[in-house]
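This report describes selected sites in a single structure, shown below. Please keep the sequence and the model in view while reading.

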Amino acid sequence: MNYKLAVIPGDGIGPEVVGETLKVLDKVGERFGHKFEYTKALAGGCAIDATGACLPQETVDICKKSDAVLLGAVGGWKWDSLPGNERPEMALLGLRKELGLFANLRPALLFDVLADACPLKPEIVEGGLDIVVVRELTGGIYFGERGFKDTDMGPAAYDVEQYSEGEVRRIARVAFDMAVKRGGKVTSVDKANVLESSRLWRRVVAQVGEDYLQVELNNLYIDNAAMQLVKNPKQFDVIVTGNIFGDILSDEASMITGSIGLLPSASLAEGNFGMYEPVHGSAPDIAGKDMANPMATILSAAMMLRYTFGLGEEADAVENAVKKVLAEGYRTPDIAKPGEETIGTERTGELIAGAI
Ligand code: IPM
Ligand code: MG
């Protein structure tokens with residue numbers, strides 16, 4: 001089969017980690033008889049430098065003509081002083097909205113070989129962690145009405161948190177479907193003790209849950225969920241939540257695994273279309289130094305093979321190749337113990353491609 005990929009390397013370490021991922025995909029193509037066609041596109045700071053806009057229309061068009069999007073990272077110091085709505089990060093919000101990517105899946109896995117890197121006490125994570133945060137990505141306060149107005153306390157700014165039943169229903173379905181294939185448990189996170197939008201959220205999630213009697217549904221308030229995630233993270237399987245709570249909880253969940261350099265993510269639209277990117281950012285401090293860990297991007301490509309292309313065996317091959325390279329003791333600096341020998345981005349990519 002032929003698969004068309006839009007490839008957005010972006011800024012910082014993005015081009016390096018994406019470069020290694022394409023090598024791995026080429027190997028998958030060779031071994032399993034597929035052809036992956038890449039069309040490069042600009043987004044983020046590099047797009048601002050080249051065209052003046054962080055998300056050129058051409059990039060959106062290329063993505064829409066592709067089967068999936070692979071993205072490295074966007075942003076960096078160079079563009080930090082730009083006004084909020086012109087920053088490279090706005091490219092991400094634009095892509096999510098333009099491409100209808102309403103479901104963001106962020107797995108937080110504790111890799112056995114890196115158990116030492118987990119900042120929690122060993123007894124708290126004994127037996128491993130395997131959580132996936134399902135974050136609603138095109139609604140809520142990120143995309144609600146915003147503006148300025150005068151008040152008795154002086155000029156004010158506001159951003160509206162709004163959720164419709166339809167938006168909640170479709171993200172809840174994604175979470176329940178996922179739970180059926182995993183641990184059979186959904187925890188829905190909201191602030192229903194205060195927010196009207198959260199009360200609607202909770203009611204609709206419960207309705208959807210009636211179609212999934214084999215899945216256990218729990219509700220937690222966001223403050224308690226943040227606490228439970230460090231107190232007893234093993235209680236979680238699938239966490240479903242809105243855009244801003246999901247932004248915060250997914251960072252917390254990735255950090256407690258101690259392996260942020262290894263965590264992939266998928267942002268899915270209705271149908272099979274998706275955008276795949278590592279959870280980590282553009283890391284400008286190590287860009288261009290052959291130090292970045294390409295594993296999170298490579299594992300994102302594995303998610304792409306599985307979710308967009310339905311290529312489970314190929315996805316397993318990529319995940320097993322990463323595990324093998326880790327098990328053989330190879331480490332990039334981000335996951336090495338003090339004094340341990342390390343390898344660079346390129347060598348890591350070559351080893352993983354070689355293991356396919
Ligand atoms: C993320 C990021 C983005 C978000 C920023 C960069 C706009 O933090 O993908 O989690 O808030 O969604
Ligand atoms: Mg975030």
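Which side chain does a polar contact join to that of Thr-332? The partner is Asp-334, and the two side chains are joined at 2.6 Å. A polar contact is a pair of N or O atoms within 3.5 Å; within protein, one must be able to donate a hydrogen and the other to accept it, and residues adjacent in sequence count only if both atoms are side-chain atoms.

## Basis of the description

The model is predicted: local features need pLDDT of at least 70, side-chain atom pairs count only at pLDDT 80 or more, and totals for chains, interfaces and linings use all residues. Residues are numbered from 1 along each chain as its sequence is written, chains are lettered from A and ligands numbered from 1 in the order in which they are written, and side-chain values use heavy atoms, with hydrogens and water left out.

Thr-332 belongs to the loop between helix H11 (312-327) and helix H12 (345-355). Helices (H or I, at least four residues) and strands (E, at least two) are DSSP runs, numbered from the N terminus. Thr-332 has a relative accessible area of 2% and is therefore buried. For this classification, buried means under 20% relative accessible area, exposed over 50%, and partly exposed in between (1.4 Å probe, protein chains only).

When neighbours within four places in sequence are left aside, the contacts of Thr-332 (heavy atoms within 4.5 Å) are with Met-291, Ala-292, Asn-293, Pro-294, Thr-342, Ile-343, Gly-344 and Thr-348.

On its own, ligand 1 has 320 Å² of accessible area, and the protein covers 74% of it. Accessible areas come from the Shrake-Rupley method with a 1.4 Å probe; for residues, only the protein chains shown count as cover.

The second largest pocket holds ligand 1. On a 1 Å grid over the protein atoms alone, a pocket is an open set of points with protein on both sides within 12 Å along at least five of seven lines. A molecule sits in a pocket if more than half of its atoms lie within 2 Å of its grid points.

## The loop between E12 and H10

Ser-282 and Ala-283 both lie in the loop between strand E12 (274-278) and helix H10 (295-307). Why is Ser-282 classed as buried? The relative accessible area of Ser-282 is 8%. A polar atom of the Ser-282 side chain lies 2.8 Å from the backbone oxygen of Gly-75. Beyond residues up to four places away in sequence, Ser-282 touches Asp-11, Gly-12, Ile-13, Ala-73, Val-74, Gly-75 and Gly-76.

Most residues other than glycine have a negative phi. In Ala-283, phi is near 40°, a positive value. Ala-283 is partly exposed because its relative accessibility is 25%. Asp-290, found in the loop between E12 and H10, has a phi near 55°, likewise positive in a residue other than glycine. With a relative accessible area of 35%, Asp-290 is partly exposed.

## Strand E12

Glu-277 is located in strand E12. Its relative accessible area is 9%, so Glu-277 counts as buried. Contacts of Glu-277, apart from neighbours within four places in sequence, are made with Leu-71, Gly-72, Leu-92, Pro-264, Ser-265, Ser-267 and Ser-300. The C-alpha atom of Glu-277 is separated by 9.0 Å from that of Ile-298, 21 residues apart along the chain.

Helix H11 includes Lys-323 and Ala-327. Lys-323 has 48% relative accessibility and is partly exposed, whereas Ala-327, at 59%, is exposed. Ala-327 and Asp-112 are 215 residues apart along the chain, with 9.3 Å between their C-alpha atoms. Lys-323 and Ala-283 are 40 residues apart in sequence, and their C-alpha atoms are 24 Å apart in space.

Asp-211 is placed in the loop between helix H7 (196-209) and strand E9 (216-221). Asp-211 is exposed because its relative accessible area is 55%. From Asp-211 to Arg-173, 38 residues apart along the chain, the C-alpha separation is 9.3 Å.

Conventions. 1 Å grid on protein atoms, 1.4 Å probe; cavity = no way out; pocket = protein on both sides within 12 Å on 5 of 7 lines; lining within 4 Å.
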